[in-house]
Amino acid sequence: MTAHQHGTHNRPPLPRGWRRRLARLPIALYRVGLGPVFGKRLLLVHHIGRTSGLDRRVVLEVVAHDTQRGSWILASGFGPKAAWYQNLRATPKTTIQVGNRNYAVTARFLSADEGGEIMSRYAPAHPRMARRLCAFMGFDVDGTTESYRQAGCQIPFVRLDAAPGQSLP
């Protein structure tokens, strides 16, 4: 695997039925103005459907946030075939909502090596969540930094960079 490819690991199936409705509930909460309930841990990504051209939305967990740089890092737990991930690849300039604030951002797709580094820093800071995330995606980790690094090399990560001149949190 090269530094710019992500493994073709078996991803969990997309949620269907009541699980899909439950997973999409945070979008409804953002729509009615309750985005601040999620703090800075979750954000709402607006994206354009690559084939439909329609406005789409997804709420995702923030893996890392750099206030100095004005960037947020997200992971695609369902892999590179996730609709939001493919849509951002097609149209990387978009907007996000964090709490009740909106930001214009540009998506940058990180290499596998960068993903490994991100995961190796995320795991010690959030050990329970890192274990759950890896188990959910079917990665066998033993708790070492190296095992999380190897898992991170197979997870597609996206950095959303705020457009210049915006006041950041």
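Two strands pair if DSSP finds at least two bridges between them, where strands (E, at least two residues) and helices (H or I, at least four residues) are DSSP runs numbered from the N terminus. With that in hand, let's walk through this structure. It is a predicted model, in which local features need pLDDT of at least 70 and side-chain atom pairs count only at pLDDT 80 or more, while totals for chains, interfaces and linings use all residues. Residues are numbered from 1 along each chain as its sequence is written, and side-chain values use heavy atoms, leaving out hydrogens and water.

Start with strand S1 (residues 42-48), which pairs with strand S2 (residues 55-61) in the antiparallel sense over 7 bridges. Look for Leu43, whose bridge partner in S2 is Leu60. The hairpin of S1 and S2 has 6 residues between the strands, and there Gly53 takes a positive phi near 75 degrees.

Now step back to the sheet. Its 7 strands form an open sheet in the order S2-S1-S5-S6-S7-S4-S3, with antiparallel pairing. S2 and strand S3 (64-66) stand at the edges with a single partner strand each, so one side of each is left without a neighbour in the sheet. Further along the order, 5 bridges join strand S6 (residues 101-109) to the antiparallel strand S7 (residues 157-162); in S7, Ala162 is the bridge partner of Val105.

What packs on this sheet? Helix H2 (residues 83-90) does, touching S1, S2, S4, strand S5 (93-98), S6 and S7. The buried residues (under 20% relative accessible area, with exposed over 50% and partly exposed in between, using a 1.4 Å probe and protein chains only) of H2 are Trp84, Tyr85, Asn87 and Leu88. Seen down the axis of H2, these buried residues fall within an arc of 165 degrees (taken from the directions from the helix axis to the C-beta atoms), so they line one face of the helix.

Finally, zoom in on some rings. Rings of Phe, Tyr and Trp (its six-membered ring) pair if their centres lie within 6.5 Å; planes under 30 degrees apart count as stacked, over 60 as edge-to-face and the rest as tilted. By this rule the count comes to 5 aromatic pairs. One of them joins Trp84 and Tyr85, with centres 5.9 Å apart and planes at 85 degrees, so the pair is edge-to-face. Tyr85 also pairs with Phe109, and since their centres are 5.2 Å apart and their planes at 80 degrees, this pair is edge-to-face. Trp84, Tyr85 and Phe109 form one aromatic cluster.

Conventions: Contact = heavy atoms within 4.5 Å. Axes fitted to C-alpha atoms, helices over the stretch in contact; angles between N-to-C directions.
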